[in-house]
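Grab a pencil and work through these exercises with the structure open beside you. Try each task before reading its solution.

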Amino acid sequence: MLFSSVPFLFYFLPCVLLVYFLVPGTLKNGVLLLVSLLFYGWGEPRYLLVMLASIVQGYVFGLLIGKLRGRPAAKACLAASVLLSFAALAYFKYADFFLANFNALTGLSVPLLRITLPIGISFYTFQILSYTVDIYRQDVKAQRNPIDLATYVALFPQLIAGPIVRYSDIAEQLKGRIHTMGKTAQGIRRFILGLGKKILIANLLGELCSIFRASDDKSVLFFWLYAVAYTLHVYFDFSGYSDMAIGLGKLFGFDFLENFNYPFISKSITEFWRRWHMSLGTWFRDYVYIPLGGSRVSVPRHLFNLFLVWMLTGFWHGAAWNFVIWGLSGEDMASGNP
C-alpha cells in the first residue's frame with residue numbers, strides 16, 4: 001500500500017486516525033502496532049512472519065544483553081542478534097546477487113532463488129541492529145514492553161522508505177506523546193508537501209524516463225534529459241516519501257529526524273552526501289565507521305574504513321554492482337569525519 005494510493009489516502013489513513021484518537025493513551029501503541037501490521041501485510045501477508053521473527057529476536061536478545069550487561073555473555077548475545085539480523089537481510093536481499101556472481105566466476109549454473117524482497121526489511125533490520133547495539137553500549141535500556149518495541153520496529157509511516165529511526169530518538173515518545181493542534185497542522189502540511197513531490201514531480205519524471213527507455217530514437221539531448229530526469233525522479237520520490245513519513249509521524253505524536261536537506265544546493269560532492277539520506281549516513285557513521293576507528297587511525301586504515309563504509313552504503317541501496325560503484329563515488333562521510 002503506497003502513501004499516494006487511493007486506498008491509503010481515503011480509507012486506511014482516515015480510519016486509523018479515527019480509531020487512534022478515540023482510544024485512551026494506554027492503547028495507542030497497540031492500535032499503531034495492529035494497523036502497522038495490517039499495512040505491512042496488505043500486499044504480502046507471508047512476510048509478516050519475517051518481521052515478527054525479527055522483532056522477537058530483537059526483543060529477547062535486547063533483554064538478555066541488558067541483563068548480562070558488562071559480562072562476556074552480553075557480547076555473545078549481541079553477536080547472535082547481529083548475525084540473525086544480517087542473515088535474514090542477506091538471504092532475502094542478496095542471495096541471488098551472490099549466486100549470480102558465483103556462477104559468473106565459476107562457470108557453474110546454480111539456480112537462483114528468485115526470492116521476493118520483503119518491503120522495508122532494510123529499514124527495520126537496521127533499526128533492530130541499532131537498538132541492540134545501543135543497549136550493549138548502555139546508551140538505552142532494554143524495552144520490557146513487547147508492544148512498545150514492536151510498535152517502534154513496525155511503525156508504518158517510516159517502514160517503506162525511512163527515515164531510519166533509532167530507538168534512542170523515540171524511546172520517550174513511545175512512553176507518552178503530546179498531541180497538539182499545532183503539531184497536527186505541521187504534520188498535515190509536511191505530508192501534503194511530500195505527496196506533492198511524489199505525485200506532481202516524481203511520477204511525471206518517472207513517466208519521462210519510461211518514454212526514454214521505450215524510445216528507439218535517442219539523441220544526445222534526449223540522453224542528457226533522461227539523466228537529469230532520472231536523478232530528480234529518484235530525489236523527489238525518495239524525499240517525498242520521507243516528508244510524508246515525517247508528517248505522518250507528527251500526526252501520531254512522533255518527531256522523526258530529517259532525512260534530506262536540499263542536497264542539490266550543495267557546493268561539493270562531500271556536502272551533497274552530507275545532505276542526502278542523512279539517517280543512513282549517520283547510521284553507518286555511528287555503527288560502522290566510528291567503531292572501526294574513524295579517521296583516528298593510520299592513513300591506510302582510514303582509507304579502508306571509508307572504502308568499506310561507502311561500499312556498504314551503496315550495497316544497502318541495492319543488490320547490484322552499479323549500486324556498489326555509486327556508493328564508492330562518495331568522497332567523505334555523510335555527516336563529517338569524527
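**Exercise 1.** Work out whether Asp243 is buried or exposed in this predicted model, and find which side chains it makes polar contacts with.

*Solution.* 
- Step 1: Start with the burial. Asp243 has a relative accessibility of 6%. The cut-off for buried is under 20%, so Asp243 counts as buried.
- Step 2: Find its place. Asp243 sits in helix H9, which covers residues 220-251.
- Step 3: Look for polar partners. The side chain of Asp243 pairs with the side chain of Arg190 at 2.9 Å, and with the side chain of Lys197 at 2.7 Å.

**Exercise 2.** Decide whether Arg166 is buried or exposed, and find which backbone oxygen its side chain reaches.

*Solution.* 
- Step 1: Locate Arg166. You'll find it in the loop between helix H6 (146-154) and helix H7 (167-175).
- Step 2: Check the number. The relative accessibility of Arg166 is 14%, so this residue counts as buried.
- Step 3: Follow the side chain. It reaches the backbone oxygen of Thr282 at 3.0 Å.
- Step 4: List some contacts beyond four places in sequence. Among them are Ser130, Tyr152, Trp283 and Asp286.

**Exercise 3.** Explain why H6 is described as largely enclosed, and say what its buried residues pack against.

*Solution.* 
- Step 1: Count. Seven of the nine residues of H6 are buried, so the rest of the structure largely encloses this helix.
- Step 2: Name them. The buried ones are Asp148, Leu149, Ala150, Thr151, Tyr152, Val153 and Ala154.
- Step 3: See what surrounds them. They pack against helix H2 (25-41), helix H3 (48-67), helix H5 (121-136) and H7.
- Step 4: Check the N-terminal end. Asn145 caps H6 there, with a side-chain oxygen 2.9 Å from the backbone nitrogen of Ile147.

**Exercise 4.** Find how many residues the largest nonpolar core has, and which residues form a nonpolar patch on the surface.

*Solution.* 
- Step 1: Go inside. The largest nonpolar core has 92 residues, and those with the most contacts inside it include Tyr124 and Tyr152. H9 gives the most to this core, with eleven residues.
- Step 2: Zoom in on Tyr124. Its contacts beyond four places in sequence include Tyr40, Met51, Val153 and Leu159.
- Step 3: Move to the surface. Val6, Phe10 and Tyr11 form a nonpolar patch there, with about 370 Å² of accessible area together. Of these, Val6 lies in helix H1 (residues 6-22).

Notes
Residues numbered from 1 in each chain as written. Predicted model: local features only at pLDDT ≥ 70, side-chain atom pairs only at ≥ 80, totals over all residues. Heavy atoms only, no water. Helix = DSSP H or I, 4+ residues; strand = E, 2+ residues; numbered from the N terminus. Buried < 20%, exposed > 50% of the residue type's maximum accessible area, 1.4 Å probe, protein only. Polar contact = N/O pair within 3.5 Å; in protein donor to acceptor, adjacent residues only side chain to side chain. Core = buried A, V, L, I, M, F, W, Y, C linked by side-chain atoms within 4.5 Å. Contact = heavy atoms within 4.5 Å. Patch = residues over 30% accessible without salt bridge, like charges linked within 9 Å, V, L, I, M, F, W, Y side chains within 5 Å. Areas by Shrake-Rupley, 256 points an atom, 1.4 Å probe, with all protein chains shown as cover. Salt bridge = Lys/Arg side-chain N within 4 Å of Asp/Glu carboxyl O.
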